Amino acid sequence: MRVSIRNDRNYGLLTLKTIREGNHRIEFQYRILEEDTSAIINSCQYKISKKRIDCVYQGYNYTIDVFRGDNEGLVIAGIEFAGEEDYRRYQDMLIQSPRVKADVTLNEQYYNHNLTKNPYKNWFN
């Protein structure tokens, strides 16, 4: 189980994510008080700084993370799929897109907890 917490406007979001099974996992998300969010974030040893942008493009819901700090320059787009068949269909579109460099869904180097230990700025040294 992975846990993340973030500020989102006037409240916090606590997200619980199950372990991946292939490219699929279950997520639970809860609103919490802004004060509680700040207290929890301040007590965390490892933190990721990023701007999150939600948008819809070609019928898909995207969550775009623009990383800051030690991960400046890294941009990751997450997409919610209806199921495995929808994911496979989308893979064909990705291959043809000049904006997408790679599908990093299963690449653990891009997971937030790994970005705290080995940030993007260190990848090219």
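I began with the pairing of strand 5 and strand 6 (residues 75-79), which run antiparallel and are joined by five bridges. I took two strands as paired if DSSP finds at least two bridges between them. I noted that Y62 stands opposite I79 in strand 6.

The model is predicted, and I kept its thresholds: local features need pLDDT of at least 70, side-chain atom pairs count only at pLDDT 80 or more, and totals for chains, interfaces and linings use all residues. I number residues from 1 along each chain as its sequence is written, and side-chain values use heavy atoms, with hydrogens and water left out.

I then turned to the other partner of strand 5 (residues 60-67): strand 4 (residues 50-57) runs antiparallel to strand 5, with eight bridges between them. In this pairing K50 stands opposite F67 in strand 5. The hairpin of strand 4 and strand 5 has two residues between the strands, and there I found Q58 with a positive phi near 50°.

Helices (H or I, at least four residues) and strands (E, at least two) are DSSP runs, numbered from the N terminus.

I looked up the extent of the C-alpha trace, which spans about 45 × 35 × 25 Å along its principal axes. Of the 125 residues, 22% count as buried, that is, under 20% relative accessible area with a 1.4 Å probe, protein chains only. Among contacts (heavy atoms within 4.5 Å) with a separation of 6 or more, 30% come from residues 24 or more positions apart.

Technical notes
Buried < 20%, exposed > 50% of the residue type's maximum accessible area, 1.4 Å probe, protein only.
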